[in-house]
Amino acid sequence: MLIIYVIIFVLRMVTWVVSDSVINNRTLVIAGYLYGLNTMFLTFRAFGHVMESTRGVGSIQIALFQILSDVATIFWQFIAVILAFSIAITKVYVAEKSYLVKQDSDKNPWWIIAKHLIWSLLGIVDLDPLDSTDKPSVTVVHFLYGAFLIMGVILLINMMIALLSNTYTRVEENSWKEWSFKKAIRIQTYSTYDPIPVPFNLISNLLAGLLSLWQCVCFCLCKRRVGEPEGVTNDGNKESLDLAVKSLQVNYFASYGYTFPLTGNHGNCYIGMT
């Protein structure tokens, strides 16, 4: 959704720089399309999050969103089938026009065939766009079209229905766990959001940023004002520590030599030094 907002902003900036009028401006029309699409996504997201938090319809809403992911999975199968059959049918017409009819007109281009196959999946079946002058070519095209209907309408749609039913059954069996998990995620997500709603959070965020900047400036000024004692630096501290360690070593070796003193009557343990 943020990407759509960025595209809308870019289109409006391009219109503002390039165009002199908003009348008959295709760029603004596309921006309006994208704005409506983004509004639809935001509506689904907002109402979906509210319904997921409700125990009664939460599991159904969760199942619906998971079903949408299954639809996206099966969608690519439909794309592959439409692409394969549309190319095959188009090739039949290309062969007919190249070797039989000898026409330069492009009566049945690929995109028209693909569009016809897409609408056929929704039940709009019409054989007129598939007609031609050569009967054997029409027979082959009708055979391919029938195979497409069997594979697309019967097999893939029934497979999608079975997949959606399986997803809903799985979510319904674990409805309490699924709903509790989604609600916990939703609480964790919204706990990091600004409690002040849009657009009032712009003012609060600006004030919070100014306050943080002021605190940082005050801290830096206080640190400079206090400063460090003269002659005390990190190098000086390191040298003092080294001198203290050397002094302890001299005193230790003077008292115990190369032995480690043990408590009790166990004697001394010799430490070999190299």
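**View 1. Centre of the largest nonpolar core in this predicted model.** Of the 21 residues in the largest nonpolar core, those that touch the most other members are Ile89, Leu117, Leu130 and Phe148; such a core is a set of buried Ala, Val, Leu, Ile, Met, Phe, Trp, Tyr and Cys residues joined through side-chain atoms within 4.5 Å, where buried means under 20% relative accessible area with a 1.4 Å probe and protein chains only. Helices α3, α4 (110-121) and α5 (135-173) each supply at least two residues of this core, and the largest share, nine residues, comes from α3; helices are DSSP runs of H or I with at least four residues, numbered from the N terminus. The model is predicted, and local features need pLDDT of at least 70, side-chain atom pairs count only at pLDDT 80 or more, and totals for chains, interfaces and linings use all residues. Residues are numbered from 1 along each chain as its sequence is written, and side-chain values use heavy atoms, with hydrogens and water left out.

**View 2. Surroundings of Leu130.** Leaving aside neighbours within four places in sequence, Leu130 is in contact (heavy atoms within 4.5 Å) with Ile89, Tyr93, Ile113, His116, Val138, Val141, His142 and Tyr145.

**View 3. Asp70 in helix α3.** Asp70, found in helix α3 (residues 55-101), is buried yet has no salt bridge, and the nearest side chain of opposite charge, Arg170, is 5.4 Å away; a salt bridge requires a side-chain nitrogen of Lys or Arg within 4 Å of a carboxyl oxygen of Asp or Glu. Not counting residues up to four places away in sequence, Asp70 touches Leu163, Leu164 and Thr167.

Terms used:
Buried < 20%, exposed > 50% of the residue type's maximum accessible area, 1.4 Å probe, protein only. Lys, Arg positive; Asp, Glu negative; His and termini not counted.
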